[in-house]
Amino acid sequence: MVAKGKAPIVEKSDTVAARLLRWYDAHARKLPWRMMPREKLADPYHVWLSEIMLQQTTVAAVKPYFAKFIARWPSVETLSQANDADVMAAWAGLGYYARARNLLKCARVVAGDLDGTFPGNETDLRKLPGIGPYTAAAIAAIAFGQRAVVVDANVERVVSRLFAIDTPLPASRPHIREKTDAITPDARAGDFAQAMMDLGAGLCAVRDPACALCPLQHDCMAFAAGTPAAFPVKAPKKAKPLRAGTVFGVIRENKIWLVRRKDTGMLAGMRALPSDNWSARRSGNGADSSEAPLHGPWEIVPKAVHHTFTHFSLTLDLAVYQGKDFEMLPSAGEWWALDNIADAGLPTLFAKAVKAYEKYQKARQ
Ligand code: SF4
């Protein structure tokens with residue numbers, strides 16, 4: 001860890017940064033990966049791990065995963081030695097699994113090539129697997145005290161409102177970055193970034209921002225115009241394509257048949273239930289699919305499972321095996337006790353399917 005040193009708070013007390021930092025000193029959120037204002041800088045391993053987990057994921061969802069990872073792999077070296085399947089299973093439920101694969105790749109580069117030390121600047125951080133411009137800036141500022149311009153979705157909202165930026169996202173991003181750069185102080189850049197995140201996550205909420213309590217009320221053009229909720233302006237969302245498929249439940253004596261997904265494609269390498277290829281044009285009874293692990297007979301459970309990925313929405317029919325030819329199952333797979341299914345590390349989609357099977361079975365008893 002690096003000491004924050006004796007940097008001045010900010011040179012001028014009438015800047016946006018000064019007002020925000022004074023507010024942050026009194027109101028910073030306590031988060032497990034964070035040091036409080038004016039303490040020493042946070043551990044780069046903690047900052048990196050939390051920032052990767054927080055991509056597209058809420059603080060509340062991340063907290064238990066962060067605690068689990070830190071308890072099991074307390075340093076980048078220990079994480080680098082973990083086996084892939086254990087890390088994927090520990091990540092199960094957080095989604096966006098490419099993050100977990102890159103997490104492991106990055107840990108191995110840092111532990112193997114960099115003596116376990118994260119680089120302290122944005123340029124070198126960006127060379128690491130899974131670290132893009134935002135994450136590099138956040139680590140450089142928060143863990144190393146470097147001046148960096150950190151813009152996440154919360155900061156985008158605050159800055160759009162402060163400057164009443166009316167160009168729709170995502171076209172407005174360069175302008176938002178430029179404005180964030182203009183208000184980022186030289187000293188305490190990490191605290192400033194976290195203060196902006198906290199303001200966006202709390203007072204400057206998406207709906208009904210609490211402007212009366214905001215330390216930047218007098219700087220805020222959207223507040224002055226009486227239209228904070230109109231920002232950020234967003235381009236209309238395109239409807240997500242719909243896909244459909246079938247998942248195959250083979251259940252015997254309170255155990256369910258699980259497989260490992262291919263090493264490429266969606267949910268690569270994850271433990272899962274057998275399923276077809278989620279083709280958008282599937283028609284008729286998906287249990288007839290040549291991808292079913294057994295010939296049948298199959299019954300379709302009345303309630304399908306729905307799940308939304310970044311680029312498409314998926315509806316999976318649930319087929320449940322009604323035969324007894326269990327010895328015909330392919331060799332690649334394993335029986336897993338339903339009572340311990342939480343330990344299988346299934347992605348959320350398949351965990352939902354297992355729950356639906358269990359509910360269906362109970363209803364039939
Ligand atoms: Fe957000 Fe309101 Fe503060 Fe403006 S005054 S930054 S809209 S909370």
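How many cavities of 30 Å³ or more does a search of the whole structure find? It finds 3. Keep in mind that this is a predicted model.

A word on how to think about such a search. Rolling a probe the size of a water molecule over the atoms shows where empty space is left.

Let's go to the largest cavity. Its space comes to about 130 Å³. What lines it? There are 14 lining residues. Arg161, Cys204, Cys211, Cys214 and Cys220 lie nearest the centre of this cavity. Helix 9, residues 153-162, gives the largest share of the lining, with 3 residues. Now sort the lining by class: 12 residues are nonpolar, 1 is polar and 1 is charged.

Next, the ligand. Which space does the ligand take? The largest cavity. Around the ligand you find Arg161, Leu203, Cys204, Cys211, Cys214, Gln217, Cys220, Phe223 and Pro228. By class, this shell has 7 nonpolar residues, 1 polar and 1 charged.

Look at the cysteines there. Are Cys204 and Cys214 buried or exposed? Cys204 has a relative accessibility of 11%, so it counts as buried. Cys214 has a relative accessible area of 18%, and buried means under 20%, so Cys214 is buried too.

Last point: disulfides. How many does the structure hold? The count is 0. For a disulfide, two cysteine sulfur atoms must be within 2.5 Å.

That's my part. Questions, please.

Technical notes
Residues are numbered from 1 along each chain as its sequence is written. This is a predicted model: local features need pLDDT of at least 70, side-chain atom pairs count only at pLDDT 80 or more; totals for chains, interfaces and linings use all residues. Side-chain values use heavy atoms; hydrogens and water are left out. Buried means under 20% relative accessible area, exposed over 50%, partly exposed in between (1.4 Å probe, protein chains only). On a 1 Å grid over the protein atoms alone, a cavity is a set of points where a 1.4 Å probe fits but cannot get out, and a pocket is an open set with protein on both sides within 12 Å along at least five of seven lines; lining residues have an atom within 4 Å of a point. Grid points are joined across faces, edges and corners, and a volume is the space filled by probe spheres set on the points. Helices (H or I, at least four residues) and strands (E, at least two) are DSSP runs, numbered from the N terminus. Ala, Val, Leu, Ile, Met, Phe, Trp, Tyr, Cys and Pro count as nonpolar, Asp, Glu, Lys and Arg as charged, and the others, Gly among them, as polar. A residue is near a molecule or strand if one of its heavy atoms lies within 4 Å of it. A molecule sits in a cavity or pocket if more than half of its atoms lie within 2 Å of its grid points.
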